[in-house]
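Let's take a walk through the charged pairs of this model. Please keep the sequence beside you as we go.

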Amino acid sequence: MEDTRDLAERTSRPERKRRDSFGMFDGYDSCSDDSTSSSSSDDSEDEVVPSIPASLPIIKNNGQVYTYPDGKAGMATCEMCGMVGVRDAFYSKTKRFCSVSCSRSYSSNSKKASILARLQGKPPTKKAKVLQKQPLMAKLAAYAQYQASQQNQAKSKAVVIAESFDWGRYICSNNTIGAPVSCFKHAPMGLCWEDVQEGVRIEVLNSDTNLSTKVYWIAEIIKLAGFKALLRYEGFDSDTSKDFWCNLCIPEIHQVGWCASNGKPLVPPKSIQHKYSNWKAFLVKRLTGAKTLPPEFNDKVHENLQFPFKKLMRVEVVDKNYLCRTRVALVEQIIGGRLRLVYEESQDGSDDFWCHMYSPLIHNIGWSRSIGHRFKRSDVTKKTDGQVDAPAQLFQKVREVDQNKDWFKDGMKLEAIDPLNLSAICVATVRKVLADGFLMIGIDGSEAVDGSDWFCYHGTSPSIFPAGFCEINNIELTPPRGYTKLPFKWFDYLRESGSIAAPVKLFNKEVPNHGFRQGMKLEAVDLMEPRLVCVATVTRIVHRLLRIHFDGWEDEYDQWVDCESPDLYPVGWCQLTGYQLQPPASQSSRDMPPSVPKQKKKAQQYKGQKKKRKIPVGRRPFSQAGRRRSSFSGDEEQSPPPYPAQGRARPWPRTHLHQTHKTESLLRMKDEAAEVDEFTFSQGTSDQESNGSGSYYIKQEP
């Protein structure tokens, strides 16, 4: 009987495949709610399924069928690679390894106890079994479904996952907008988003149907927020009841005409089936002259999600404990262009650092020596199998400069974003001029005698500014620690310190037409904990400088970021790339005690109070307690001391002094500026929405 029904179903398929030019069913009435057969050979599966109890979940993979669980067999963990799988499918009688290769690798490394200590974990208590030995990917897929079913049934502690935050609801409830994808040139599709606009029609899966097979319908983009779009099915007109948010870069989004070209059905939503008797005529009228996505849109998305960096590539990256030097690190993970780098000397892989592949903090091997930057020599003498130096062309290029002419000199004063407290722009000094236009900068009043807290900026970096930039643009300037003559005035400070300000002409005054506007939402890296990508808002724009606020957190955690920073991403970037998005912190999580041991942090679990330690405004997020004094010149042979216990006092906090004098300082500087002969100030605006360069720097008179 079952074979007869199957034969009848195959015989009727040619009739159902007859569709009009828009891919709609010729006989729409045949698509009843009781229909269970597939309308496309691509979506159907013709293999014969063995008889399996209906109570067991089923997974199909490459023609094979698996069931979980039956309560007889348990799970096992491979002692070599750490993979969790079905015990019966494991290799050898002891079931200790998932494959022959793991068994052999373990034998050759049996003396390395660290492997076993790192990879052996507590196996799941639930039991499962496959019908027979199957490929690795099939085992993983089956076990993933098993875990998902168990999680839905069990009451466990809530863990924030990438898909749990609803960007659409958040944007609508707060009546905000998302920054356009075109603002993020480094992000996928950042350079080819011009065809995506409000009013564009697309073909998308129809969720308003009782059909058991995948069917599509045409929708219009009502609102855009980064990669996310508010869509409305054609035929609903002004009815918003079925509007929904969708990431436009997922594979189920297509240009109009894709269904017709690929034999997919276009079926109107059931809520409006009765609204028109001739849906074909309706679509022809509605779509005439309408815009849609380019045919190669999905191909471009796929291409933009390919990244040149590969696992085990070696790079030089800033030492997160000592910003004055770099270390060798290995690429361990690549997600959406973001790299998880593990320092070469890390034994267990826990000493890591996250950054984007275009970050100014990473360089090719040999970069430090070539420019004279401080470098920590690695104890590792030989590369292991698979390790290779990342090619120099993969790294972000800096602008070439002529250092033989007018250039920065040691001792020149300027203003700089403090890399250890990105909410502050501080009085700083050029401490050492390196090759290729790079500078070592120190924050006045907070420096170690040996220069171990200097940091490297390029001379064209948008993170350094001429003296007076903050005053002109109504930004609070953090004075040197211990400086008592307040309010701070550059003219007095230069005279007292016997120093000169770096000439204005040396700084990068280019302001691109970045497209950001105040109040725009985005996803931003918390640069104090760079593994975290958080829901954020642009709260201020000063030419090319953006003030980024992390939603749900106090203003003291805001960060100044350049408009072209690779650490800013469009709404929906985390969903597209599979990265973990940290939602806004709730009031309860922000008020919880901050003194949580660092080792309890989990890389993919959001804990509000762990996002940043609660410290006063302006203090260094990285502790300097217990650091070893060392000479700036030459390499270091010893590793720096570990971080001190959380909660210890920091010996060199970069604190804001006398903040009550902020307004008074700005007013008095403007009143007294005319009395000084050396400098005059040009008029400028603070938050420029025009993105024009304007004249906002101090002009140094000849």
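The side chains of Arg314 and Asp389 meet in a salt bridge, with 2.6 Å from N to O; the term stands for a side-chain nitrogen of Lys or Arg within 4 Å of a carboxyl oxygen of Asp or Glu. Arg314 belongs to strand β10 (residues 313-318) and Asp389 to strand β16 (residues 388-389), so this pair links distant parts of the chain, 75 residues apart. Strands here are DSSP runs of E, at least two residues long, numbered from the N terminus. Arg314 counts as buried because its relative accessibility is 11%, while Asp389, at 28%, counts as partly exposed. Buried means under 20% relative accessible area, exposed over 50%, and partly exposed in between (1.4 Å probe, protein chains only).

A word on the basis: this is a predicted model, in which local features need pLDDT of at least 70 and side-chain atom pairs count only at pLDDT 80 or more, while totals for chains, interfaces and linings use all residues. Residues are numbered from 1 along each chain as its sequence is written, and side-chain values use heavy atoms, leaving out hydrogens and water.

Next, look at Asp352 and Arg340, whose closest N and O atoms are 2.8 Å apart in a salt bridge. Asp352 sits in strand β13 (residues 352-356) and Arg340 in strand β12 (residues 338-343), so the pair ties together parts 12 residues apart in sequence. Both Asp352 and Arg340 are buried.

For Arg169 and Asp166, the salt bridge has its closest N and O atoms 3.8 Å apart. Arg169 counts as exposed because its relative accessibility is 62%; Asp166, at 37%, counts as partly exposed.

Finally, a network of salt bridges links Asp319, Lys320, Arg325, Arg327, Glu345, Asp351 and Lys376. The whole structure holds 31 salt bridges.

Note on methods:
Helix = DSSP H or I, 4+ residues; strand = E, 2+ residues; numbered from the N terminus.
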